[in-house]
Amino acid sequence: MAGEPQDDCLFCKIVAGQIPATIVRETETTVAFRDINPQAPTHILVIPKAHYENAAALATGAPELAADVLRETQAVADDDKLESYRTIFNTGSGAGQTVWHAHAHVLGGRGMQWPPG
């Protein structure tokens, strides 16, 4: 069920403290941690503590929580003193989503190209 922790979800396990992560920020509704395979000098994932499969499900099922995730992308960028950064939500395997728990990638600290690839 949407919003409920999933036993087989890597990010739900991070939220529960069952899997270690380098957490950089935590709020009542979100957790932000460094990506284990960074694609830029700053590569932080911001996730809702509640489980939603992807950004579309999060926006539909809990728009206030989606706003919390977006607010935290700015907070982690500010904490890392980024003047500019990219926020990415991959939705679906064709877009590169590999963990089926909504999450925003915050990338910065280097120039970004367009289109992204």
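Reply: Let us begin with the packing: the buried residues of α3 pack against β1 (23–26), β2 (30–34), β3 (42–48), α2 (55–61), β4 (85–88) and β5 (104–108), where contact means heavy atoms within 4.5 Å. This is a predicted model, in which local features need pLDDT of at least 70 and side-chain atom pairs count only at pLDDT 80 or more, while totals for chains, interfaces and linings use all residues. Residues are numbered from 1 along each chain as its sequence is written, and side-chain values use heavy atoms, with hydrogens and water left out.

Me: Which residues of α3 are called buried?

Reply: Buried means under 20% relative accessible area, exposed over 50%, and partly exposed in between, with a 1.4 Å probe and protein chains only. In α3, L65, A66, D68, V69, E72, T73, A75, V76 and A77 are buried. Over the whole chain, buried residues make up 40% of the 117 residues.

Me: How do you know that the length of helix α3 agrees with its number of residues?

Reply: Helices (H or I, at least four residues) and strands (E, at least two) are DSSP runs, numbered from the N terminus. The expected span is 1.5 Å times one less than the number of residues, so the 17 residues of α3 (residues 63–79) should span 24 Å, and the end C-alpha atoms are 24 Å apart, which agrees.

Me: What pattern do the helices and strands follow along the sequence?

Reply: The chain has three helices and five strands, and read along the sequence they follow α-β-β-β-α-α-β-β.

Me: Why is K81 called exposed?

Reply: K81 has a relative accessible area of 72%, and because the cut-off for exposed is over 50%, the word applies. K81 lies in the loop between α3 and β4, and has a positive phi of about 55 degrees although it is not a glycine.

Me: What makes the peptide bond between W114 and P115 cis?

Reply: The omega of the bond joining W114 and P115 is about 0 degrees, and the bond is cis; P115 lies in the segment after β5. Most residues other than glycine have a negative phi, and most peptide bonds are trans.

Me: How do you know that the radius of gyration agrees with a compact globule?

Reply: The radius is taken over C-alpha atoms, and the globule rule is 2.2 Å times the number of residues to the power 0.38. With 117 residues the rule gives a value near 13 Å, and the chain has 13 Å, so the two agree.
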